[in-house]
Amino acid sequence: MSTVTEQTADSVHEGHDHHDHYEPFWKKYIFSTDHKTIGIQYGFTSLVFLAFGFFLMMVMRWSIAYPDRAVPLLADWPWFQAWLDDGGKVTGDLYNMFGAMHGTIMVFLGVVPLAFGAFGNYVTPLQIGAVDMAFPRLNMASYWFFLLGGVLMFVSFFLPSGAAKAGWTNYSPLATTTDLHYGDLFWTGQTQWLMGMVFLISSSLLGAVNFICTIINLRCQGMTWMRLPFFVWAMLVTGFLLLLAFPPLEVAAIMQLMDRMAGTSFYIPTGLNVSGMAFDAAGGGSPLLYQHLFWFLAHPEVYVLILPAIAIVSEIIPCNTRKPLWGYKTMVYAVMVLGFLAFIVWAHHMYITGMGPAISTFFQTTTVLISVPSVILITSLLISMWGGSIRFNTPMLFATAFIPMFGIGGLTGLPLAFSLPDLHLHDTYYVIGHFHYVVAPGTIFALFAGIYHWYPKMTGRMMSERLGQLHFWPSLILMNGIFAPMMFQGMAGFHRRAFDGGKAYEQISNQVFAEANGFIANICELLGIVGKNEPVLMIDLNIVTSTSAWLLAVFQVPFIINLFISGKFGKKAKGDNPWDATTLDWATPTPPPHGNFIGEPVAYRGPYEYSVPGAETDFTPQGEKDPVIVSTAEGEQEKPA
Amino acid sequence: MEIPYEVKPRRDTGLYNAKLGVWLFLASEVMLFGGLFSAYVFLRTGIQDGVDNPWPWGLNVHKGFVWLGFLNTLVLIASSVGVVFAWVALKERNWRKYQIYMYFVVACAVVFMCVKTVEYNSKLNKHHGIKLVDNSVMEGTILEKTDRIRFEGNRAVFGLQGALPAFLKDISDEDFPAFTATVQFKDDEDPQVTEISSESQFKKWFHQNRRTASKKLTAERRRYRAEMEEFGKAAPVSLNTSATVVASEPFQVNAKPTKVVGHSDSSVNYRDGSKVEGKLISDDVKFVMHEVDLQLVLPQKQRDSIIWDVINDESAKQQFFAKQQKHYEEMRDYYEARGETIPEKMLRGHMLNLQTIDHEDHGDHEEHHGEAPHKSEAKHSAGGGHGDHSYITVPRDKIKFMGNHGPRYGNYYALYFTMTALHGLHVVGGALVLLFFTVFGKKLYLKNPEHLANRVEVGGLFWHFVDLIWIFLFPLMYLL
């Protein structure tokens, strides 16, 4: 589509073809190469996996809160029969399996595909004015690799050995020596985890190549680098993170696979004993090597989780404050610096492995440095709201809540950046709390915001505002109900992998968290967590957390109803641009057809031209030649007259 | 709808989509192989002297095959050049020439893979090593299947939960015995007896009973929970989920030592809990020995090493220490001539160096003492022509670790196999893609020759990368 005349000629042809070129359902929605359909496929698949990961966590939380009681409802399911103990209680094996798979599913099959695969796929080409991704078939392959990896992970639950049990990090030599007694080593959960990862890595590799190519090569006319919406910038950096950080994990997975299947000893030290027996391997390997390779991926992965979230929020905030994004250029440079620094902070996960103080010092320094661009991003978003007349609709509520939640998550990370406090906090619930504050009320809130925001573009109907509010407010409270207690427990020394929730540590568990008859104690008494006039002990917080988690599941129901019902019965969106937004994605028909734009889109100005003085409306779309401010020189557009 | 810049480059970036894409892909490939190369450095520099296996010297590992590796380097370079000529031929719109060059490239890939097969075969099937309990190592060849524990079984006991019992895989397919299988879940139940005559029947029977066992267990647990709820106490869940099979006539089991926890004269215990009872035939390993390696044995203990009991050949021992002495003197002379003392580390390394053993007769072992001592530090001396198959018998209780020179044998071998196999996969993949462009490219050539030329250019870029990886791998694996 180089010229407009060609376009019209094409559309005449298309009109003709429509009658004899009926696309069957499977071709249009299943094996589709259209970036929007693939985006929606990614979205649905990852939402299913998110729900599944959430379910695993709810079972774990039962074991933590009530280690002495049988799990309700599940004990008679055939699958659970094999893994619960005689009394119907969660066993250590089951807890380990669910713990490992909760992490794996949430990170690799839930949040990343939803954030990068779904939103990235759907929105990026629209925002840069492209007809599709640069390699549509590769895009489809990427989704199917992802699905295959996901299915392998899911199927591994039903193997005799169950799914992987060695933590989502799968540290060797534990991961290498787990389940070795099963006859067929290949069909054990631990091995299938590695196979699944190989597919997921291939998928994200193809995705990353595609995104970067699309953003670099398919920008429409006039879409210069500094006119790219911030969303696209963040996706570009995310793409590079995925492209360069995932291969080392693939190497780590291949070597662990060799250790399991071919008997090599990449990660097996000399003289390793497993259950009192000398482990039959040549030895000479290094467990530390695995951790280096793993965290070389997994730290950039954290930024893969968070950058799309910031990207979504930075689209929603200017739109709903009717103000330009504050410090757009600074944010762009910050995100680039962030992307670079993300590659040199990985060993801060490994302070207690005995790497030595010199290496620790280097990584402490870089870790503290990386907080600077993060703070720039968040501060810019915060200042963007200053003095705006804010529309607090559901997407904006989620986007607003994202900022303090991510702030808490980020700031609680600072003590972990230093090796000294990390000695105390490592592997405690504090780490869990910190990370989940970043990802759960942080990223997932931003993803919800994105769903509410782009839903009218995808379906032509608005999601219900009332159900949205019913989703948001309880979620906000309950998210904090889950993760805030973890911080206190973690500082008290609760270990993250105790499946009985810390019963074994009497001394720590019985520390008083809140005195009797205080505010917190009264609430806990009201909820039946502690008796009358009893103080709240550290271990009682387990029940607070678990109850919050189960209630959180209940309050996702309005969202699910909203998601499915609104597509059919929701209020019709007014026009193609219901939020009065400026970026090119809102200049398409609703829902965008194959090929996205009618005519060739051209970007005439920056992405966030809200409330331009002198303009007729409070938003000046990027793709519209503005009759009010017709400028001769490029520079004049930047400055308000 | 048409994606822009599929063939023509975009003006401001100067790239068409696929070219940009392949460069990005190559960047990730660099990170992939970079990870492996880092692992190489990490593992090699991380060796603890006297604890971990010493890193073998590439030239010695590959013995006669170094020139093959070098040949492979030349083959890949030639094919890289070929792919450029093929691209030029396309630019000149000369289809025939293009095809010839492309077939040449693919032929090179085939040659490369054939040479690899020869090398792999030699390592996997012809070279073995045994590490004894005092860390002395003997290198040579294990005679066929004697690394297995050979056992004559007549009865097996195993659990009916989880996967199929491990011993099943160690029975050879031809003489699968007729079994009488017995299952008794509860003491008061009648035992169920089934006749089994083939492996498929065995599997069917196993899966059936596994299902039954799991159902019974479910019922038991339900009862337990119900009683607990009602009375606060309950009789514990008890179910005998193990099965016994008795063979009509003894069957032969060749048990893989890695799958076995322990064995005695009358039983073999597998790691998965299954157990075969019967009679041990032999668990000794028959070994044709070429070399002795005492690098991991302390100097003062070398003379008393159990390896000499195993070899049971006084003259070999004397030769070994004579050579050891000679080596030491050479080393001393070398450093004295330069006015230095022998570094502590070198001294230990050298004193522990392995030696070639001549079984009193053949003397055509390689002469390697002339080289500078610092090179021979981690060297396995190359054992020459031992034409005779006079083997020694190594008792299993003296063995700490044994295996072929496959990936299991040590980190060098693990890296060698992993890296070259991964590289081999790239060669195969790249060759298939180039072959596809050659065989099925005509249609696109007639429609849009520039598009095909772009594809070949992109495929060629990948091919150069594959070549480049080998250029790093060759010295790393064969020479260093």
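## A helix pair in chain A

Helix α17 (residues 465–492) of chain A and helix α20 (residues 541–554) of chain A have axes that come within 8 Å and cross at roughly 155°, and α17(A) and α20(A) are therefore roughly antiparallel to each other (angles over 145 degrees count as roughly antiparallel). Axes are lines fitted to C-alpha atoms, for helices over the stretch in contact, with angles from 0 to 180 degrees between N-to-C directions; helices are DSSP runs (H or I, at least four residues), numbered from the N terminus.

Residues of α17(A), including A:Leu478, A:Ile482 and A:Phe488, meet residues of α20(A), among them A:Val544, A:Ala549 and A:Leu552, where contact requires C-beta atoms, placed from the backbone, to lie within 7 Å.

## Source and numbering

This is a predicted model, in which local features need pLDDT of at least 70 and side-chain atom pairs count only at pLDDT 80 or more, while totals for chains, interfaces and linings use all residues. Residues are numbered from 1 along each chain as its sequence is written, and chains are lettered from A and ligands numbered from 1 in the order in which they are written.

## A:Lys36

A:Lys36 lies in helix α3 (residues 35–65) of chain A and, with 22 C-beta neighbours inside 10 Å, counts as buried (20 or more other C-beta atoms within 10 Å). Leaving aside residues up to four places away in sequence, A:Lys36 touches A:Tyr122 and A:Pro592.

## Contact between the chains

The contact takes 53 residues from chain B and 51 residues from chain A. On the side of chain B that touches chain A, α1(B) gives the most, with 14 residues.

Key:
Two residues are in contact if their C-beta atoms, placed from the backbone, lie within 7 Å. Helices (H or I, at least four residues) and strands (E, at least two) are DSSP runs, numbered from the N terminus. Angles under 35 degrees count as roughly parallel, over 145 as roughly antiparallel, 65 to 115 as roughly perpendicular and the rest as oblique. A residue is buried if 20 or more other C-beta atoms lie within 10 Å of its own, exposed if 12 or fewer, and partly exposed in between; C-beta atoms are placed from the backbone.
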